[in-house]
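Subject: A structure for you to explore

Hello! I am passing on a structure that I have been looking through, and I hope you enjoy turning it around on your screen. Please open it first, then read my notes below.

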Amino acid sequence: MQQYFVKGKASQEIEVTDKDTLKHMFQVMRLTEGDQLVLVFEDKKKRLAKVKDSQKHLLEVLEDLSEDVELPLEVTIVSGFPKGDKLDVITQKVTELGACALWAYPADWSVVKWDGKKLAKKADKLAKIALGAAEQSKRNLIPEIRLFEKKTDFLARLSEFDAIFVAYEESAKSGEQAALAQALTKVKKGMKILFVFGPEGGISPQEIESYEKAGALKVGLGPRIMRTETAPLYALSAISYVFELNR
């Protein structure tokens, strides 16, 4: 059954106005009167609905659904600006794996440099990718996309989190493999977690110092060195195992 995110508060009757949603509902999926679908409103709750009038784009809410597929803790993934379209891939996959937000910033060793105009355009593109991935994976929310033009603005947000983990290549090279597993045993449901990943060039010593001053823990992600677009997927999978599968 198709799922769509709807802006605003839930009501008994909904008129769909978003152009992209309209196109997908009535042109791609060819929904017609009586067809059922799932709507997710801004309260992050799912509701079963049906098409009431396909010409006027009216939907009728039938009942509330109890399904909640979100991770039991809030995980924000942050990446130093990577090259090419890697951030597109990261956005899609971390959405499917349960991240509540994806942030990115101009790391010391980022090769790409994006100004405010390019960042706004990129953020719009990533928001659409996150929306599609959230609908496909039946999420209860669409992850927040935030691209920082200045590193200092990102660093100023570190105090908002209950725990900060930094995926550090040097930790993996030195053979450290237990820090993340041990740290996750101390993480509680409902906590806000920040997981930091560097760009292709890695994380600079100055950045590591800034993170450690904020209370961050350096962690390795196993014995193999992963690409910048792979590491966040490993981390979210590990978190899912601990908090969703290993009950």
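Before we start, one set of terms: a residue is buried when its relative accessible area is under 20%, exposed when that area is over 50%, and partly exposed in between, using a 1.4 Å probe and protein chains only. Please keep in mind that this is a predicted model, where local features need pLDDT of at least 70 and side-chain atom pairs count only at pLDDT 80 or more, while totals for chains, interfaces and linings use all residues. Residues are numbered from 1 along each chain as its sequence is written, and side-chain values use heavy atoms, with hydrogens and water left out.

**Salt bridges**

A salt bridge here is a side-chain nitrogen of Lys or Arg within 4 Å of a carboxyl oxygen of Asp or Glu. Searching the whole structure gives 14 salt bridges. One of them brings together the side chains of lysine 86 and glutamate 229, at 4.0 Å from N to O. Lysine 86 belongs to helix H2 and glutamate 229 to the loop between E11 and H8, so this pair ties together parts that are 143 residues apart in sequence.

Another salt bridge joins the side chains of lysine 125 and aspartate 88, at 2.8 Å from N to O. This pair also links distant parts of the chain, with lysine 125 in helix H3 (residues 116-136) and aspartate 88 in helix H2, 37 residues apart. Lysine 125 is partly exposed at 39%, while aspartate 88 is buried at 9%.

**A residue inside helix H2**

Threonine 91 also lies in helix H2, which covers residues 86-96. With a relative accessibility of 1%, threonine 91 counts as buried. What is threonine 91 in contact with, leaving aside its neighbours within four places in sequence? Taking contact to mean heavy atoms within 4.5 Å, the list is Leu102, Leu126, Ile129, Ala130 and Ile145.

**The open sheet**

Now look for six strands that form an open sheet with parallel pairing, in the order E8-E7-E6-E10-E9-E11. Two strands are said to pair if DSSP finds at least two bridges between them. The edge strands, E8 (144-147) and E11 (217-219), each pair on one side only. From one strand to the next, the twist averages 20 degrees. Helix H8 (residues 231-245) packs on this sheet and touches E6 and E10, and its direction makes about 150 degrees with that of E10. Such angles run from 0 to 180 degrees between N-to-C directions, with axes being lines fitted to C-alpha atoms, for helices over the stretch in contact. Strands E6 (residues 74-80) and E10 (residues 192-197) run parallel and are joined by six bridges; here serine 79 stands opposite phenylalanine 197 in E10.

**Strand E3 and its partners**

Strand E3 (residues 36-40) is mostly covered, with four of its five residues buried. Strand E1 (residues 3-5) runs parallel to E3 and is joined to it by three bridges, and phenylalanine 5 has valine 40 as its bridge partner in E3. With strand E4 (residues 46-53), E3 pairs in the antiparallel sense over five bridges. In the hairpin of E3 and E4, five residues sit between the strands, and lysine 44 takes a positive phi near 70 degrees.

**Aromatic rings**

Rings of Phe, Tyr and Trp (its six-membered ring) pair if their centres lie within 6.5 Å; planes under 30 degrees apart count as stacked, over 60 as edge-to-face and the rest as tilted. The whole structure holds nine aromatic pairs. Tryptophan 103 and phenylalanine 148 have ring centres 5.3 Å apart and planes at 70 degrees, so they are edge-to-face. Tryptophan 103 is buried at 2% relative accessibility, and phenylalanine 148 is buried, with a relative accessible area of 2%. The rings of phenylalanine 148 and phenylalanine 154 make a tilted pair, with centres 5.8 Å apart and planes at 55 degrees. Ring pairs link Trp103, Tyr105, Phe148, Phe154, Phe161 and Tyr211 into a cluster.

Happy exploring!

Conventions. Helix = DSSP H or I, 4+ residues; strand = E, 2+ residues; numbered from the N terminus.
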